[in-house]
Amino acid sequence: MALATTVEQVDGPPPVTVVTLDGELDGATYERVIDIVRQAYEAGARKLVLDCSKLEFVSSSGLVAVHSAMRIMRGEAAPDLEQGWEALRAIRDEVDAGNVQSNLRLAGEQDGVRKVLDRTGLGPLLPSYPDRASAIASF
Amino acid sequence: MTPTEARLRIPAELDRLADVRRMVRETTRAAGASQDCVDDICQAVDEAATNTIVHGYRGGPGWVEVAVAVDGPDVVVTIEDAAPTFDPRTHAEPDMAVSALVRGPHGMGVHLMRLATDRLGWRPRDGGGNILTLVRTLAQRPQED
C-alpha cells in the first residue's frame, strides 16, 4: 500500500491546515510528507493537524517525518536528510527536552501507530485527539 | 525444520518495503496471529529491511529475502541479505532509556525491532551478508507500560 495525502484548509479562527495521511508512512514515503508540511508552512499555515485515522503503518523513517513536521511548525529547519538518518538523533534530543507541541496535533491514530509513537517517546510530545473535528476545535 | 509459509525476495529498494509488509501481514493473519502480533512483526521486518537497504547496501544494488514460518505459538521471520555484516544485537540494549538507544543511524530502528519481538537472532551468511531471525508470539501481549 502506498501513501495518499490530502491537504485541506479549515477556516478559523484560527485557520487550521489538515494533512490527511492515508496508507503507510515508511522509508519510501516519508520525504513527501516533509515536503507537504514545509509547503503548507511556507504558504502561511501556523496550526496543523495530521489526520492519522487512515494511517495503517509508521516506521522509524515515518517518525522522522513526524519530527520534521514538529520542527517546521515551530518555524525551525527540518533535520537535514542529506546527513543520512542522523535525523533520528534529533528525535532523541526532542524527547530529552520534553518539547510538547503547540502548533501540531494528531488526530485519530490507530493502535499500531500509537504504539510506535509511545515506544519511541515521541507520543507524549504530540497532543492527540480522537478525530479531526476535535483536533481542529482544540486550537 | 519449521515449514516456511511464505518467502519473498526483493531488490534493495525502499519502495519495495510495502510488498514485504504485505506478505508478512497476509501470512501471519492467515496463521491466526493477533493484530498486536501482525503490527509488531511488520514493524520489526520493515525496520530490519530498511536498515539493510539504507545502511547495509547504502542505496546501491542488492537484495533482501524474507521468509515467514510459524513454529508452534510463534512466528519466525528470517531476513537474509548480502550486505556488509551488521549484528543488531550489539546495538540493542533492552533496558536502556530511549534517549540512550537512539545512538547513531541504526538506533531507532533497532530499538523498535527489539521492542516488537521476543527474540532477535543473527548469524553471518555463508559467502557474505547477514541472516537475521525475528521471533514473536502469535498471541496478543499483555499491555505495555
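Where is the place of B:Gly127 in chain B? B:Gly127 sits in the loop that links β4 to β5 (130–137) of chain B. With 6 C-beta neighbours inside 10 Å, this glycine counts as exposed (exposed means 12 or fewer other C-beta atoms within 10 Å, buried 20 or more, partly exposed in between, with C-beta atoms placed from the backbone).

A word on the model: it is predicted, so local features need pLDDT of at least 70 and side-chain atom pairs pLDDT 80 or more, while totals for chains, interfaces and linings use all residues. Residues are numbered from 1 along each chain as its sequence is written, and chains are lettered from A and ligands numbered from 1 in the order in which they are written.

Now to the sheet. In chain B, five strands form an open sheet in the order β1-β2-β3-β5-β4, paired antiparallel. Strands are DSSP runs of E of at least two residues, helices runs of H or I of at least four, numbered from the N terminus; two strands pair if DSSP finds at least two bridges between them. Between β1(B) and β2(B) there are seven bridges, and B:Thr4 stands opposite B:Ala69 of β2(B).

| β1(B) | 4–11 |
| β4(B) | 119–124 |

Finally, helix α2(B) covers residues 35–56. Just after α2(B), B:Arg58 takes a positive phi of about 55°.

Technical notes: The expected span of a helix is 1.5 Å times one less than its number of residues.
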